[in-house]
Amino acid sequence: MSKRFSSAAELLAAAGTDLGTTDWLEITQERVNLFADATGDHQWIHVDPERAKDGPFGGCVAHGYLTLSLVNLFLPQLIHIDNMKMGVNVGTDRVRFPAPVKVGARIRGRGEVLKVEAVGEAVQSTVRVSIEIEGSERPGCVIDTISRYTFHPTAAAVS
């Protein structure tokens, strides 16, 4: 269940908020293959299960950038902005890949609001999303996402 923020003032006060976790998602070979097709990255550690069995991970692993891209799936499960006029992805501050995500693994997002600030008429938030791997102490990806939101006039008052 995502944390809801209904105004600029609520969001501005959210620094340090633990957003909890998302539902689990299994990483399938089909998803990895589709990502390989979309990006042209067909390296054998991702798409050749027979060869990957003897590789460094004992099987196929998801592309790091596939794991990163799933932040787009997880973020709305972590945070919801009510009364939003528009929201845009501004970018990222940091991205790290501490552990490989093996095909068949289950992953989920864990979120924390790191920083929130007023930027003109908008509110900009930095949310750290850690992509947890079930049964692993280290996450598959940690990303600090930056989003900017503008609110409808009734909710736009910034304290």
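**Entry 1: ground rules**

Ala, Val, Leu, Ile, Met, Phe, Trp, Tyr, Cys and Pro count as nonpolar, Asp, Glu, Lys and Arg as charged, and the rest, Gly included, as polar. I'm looking at a predicted model, where local features need pLDDT of at least 70 and side-chain atom pairs pLDDT 80 or more, while totals for chains, interfaces and linings use all residues. I number residues from 1 along each chain as its sequence is written, and side-chain values use heavy atoms, with hydrogens and water left out.

**Entry 2: the whole chain**

I started with the secondary structure and got six helices and eight strands for the protein chain (DSSP runs numbered from the N terminus: helices are H or I, at least four residues; strands are E, at least two). Reading from the N terminus, I wrote the order down as β-α-β-β-α-α-α-α-α-β-β-β-β-β. The C-alpha trace spans about 60 × 30 × 25 Å along its principal axes.

Next I asked how much of the chain is buried. Of the 159 residues, 42% are buried (under 20% relative accessible area; exposed is over 50%, partly exposed in between, with a 1.4 Å probe and protein chains only). I also looked at contacts (heavy atoms within 4.5 Å). Taking those between residues at least 6 apart in sequence, I see that 72% join residues at least 24 apart.

**Entry 3: the largest nonpolar core**

I noted 34 residues in the largest nonpolar core (buried Ala, Val, Leu, Ile, Met, Phe, Trp, Tyr and Cys joined through side-chain atoms within 4.5 Å). L11, I107 and V129 have the most contacts inside this core. At least two core residues come from each of α1 (8-12), α2 (29-39), α5 (64-69), α6 (71-78), β4 (79-81), β6 (106-119), β7 (122-133) and β8 (141-151). Which element gives the largest share? That is β7, with five residues.

I then picked V129 and skipped its neighbours within four places in sequence. V129 still has contacts with V71, L75, L78, G109, R110, C141, V142 and I143.

**Entry 4: the largest pocket**

I listed 20 lining residues for the largest pocket, and N72, L75, N89, S147 and Y149 lie nearest its centre. Two or more of the lining residues come from each of α5, α6, β4, β5 (84-96) and β8. The biggest contributor is β5, with six residues. What kinds of residues line the pocket? I wrote down 11 nonpolar, nine polar and no charged.

**Entry 5: salt bridges**

My search of the whole structure turned up seven salt bridges (a side-chain nitrogen of Lys or Arg within 4 Å of a carboxyl oxygen of Asp or Glu).

- K53 pairs with E50, with the closest N and O atoms 3.0 Å apart. K53 is partly exposed at 49% relative accessible area, whereas E50 is exposed at 54%.
- E134 pairs with R106 at 2.9 Å between the closest N and O atoms. This pair links distant parts of the chain, with E134 in the loop between β7 and β8 and R106 in strand β6, 28 residues apart. I have E134 as partly exposed at 43%, and R106 is partly exposed at 34%.
- E132 and R108 meet at 2.7 Å, N to O. They too sit in distant parts of the chain, E132 in strand β7 and R108 in strand β6, 24 residues apart. Buried or exposed, this pair? Both E132 and R108 are buried. I also noticed that R108, R110 and E132 are linked in a network of salt bridges.

**Entry 6: two single residues**

I found P49 in helix α4 (residues 49-52). P49 is partly exposed at 40% relative accessibility. Leaving out neighbours within four places in sequence, I have P49 in contact with Q29 and C60. P49 and L78 are 29 residues apart in sequence, and I get 33 Å between their C-alphas.

My last stop was N83, in the loop between β4 and β5. N83 is not a glycine, but its phi is positive, near 60°. I made a note that most residues other than glycine have a negative phi. N83 is partly exposed, with 38% relative accessible area.

How values were computed
On a 1 Å grid over the protein atoms alone, a cavity is a set of points where a 1.4 Å probe fits but cannot get out, and a pocket is an open set with protein on both sides within 12 Å along at least five of seven lines; lining residues have an atom within 4 Å of a point.
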